[in-house]
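Hi,

Here is the model I said I would send over.

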Amino acid sequence: MPTISMFFGIIIRMFNNGEHNPPHFHASYQGYNAVFNFEGELTEGDMPKRQQKFISAWAELHKDELLANWELAMTEQPLYKIDPLR
């Protein structure tokens with residue numbers, strides 16, 4: 001699963017193998033693993049509240065880029081990196 005961004009110890013990944021809908025991305029942080037929708041809402045797994053807030057803010061800022069990457073993922077094309085939260 002390609003890494004598309006990293007910030008504050010959080011790793012953001014997205015499958016690019018034509019994965020199922022709805023659009024989402026995977027986040028990991030120090031043994032925690034979770035799935036988020038493009039609104040930045042945790043939909044599966046577990047993540048500390050502080051990191052959830054960072055991930056939600058990042059998703060809000062980069063929603064268009066996440067959608068563009070999702071379109072690439074659906075056709076099994078390489079994904080591009082998205083700027084980290086700063």
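Which residue in E4 does Phe25 stand opposite? That would be Phe36.

Before the rest, some housekeeping: this is a predicted model, where local features need pLDDT of at least 70 and side-chain atom pairs count only at pLDDT 80 or more, while totals for chains, interfaces and linings use all residues. Residues are numbered from 1 along each chain as its sequence is written, and side-chain values use heavy atoms, with hydrogens and water left out. Helices (H or I, at least four residues) and strands (E, at least two) are DSSP runs, numbered from the N terminus.

Now to E3 (residues 24–29).

As for its neighbours, E3 runs antiparallel to E4, joined by six bridges (strands pair if DSSP finds at least two bridges between them). The two form a hairpin with two residues between them, and Gln30 in the turn has a positive phi of about 45°. E2 (residues 10–13) also pairs with E3 in the antiparallel sense, over three bridges; there, Ile12 has Ala27 as its bridge partner.

Last, the search of the whole structure turned up one salt bridge (a side-chain nitrogen of Lys or Arg within 4 Å of a carboxyl oxygen of Asp or Glu). Glu39 and Lys63 form it, with the closest N and O atoms 2.3 Å apart. The pair links distant parts of the chain, 24 residues apart: Glu39 is in the loop between E4 and E5, Lys63 in helix H2.

Cheers
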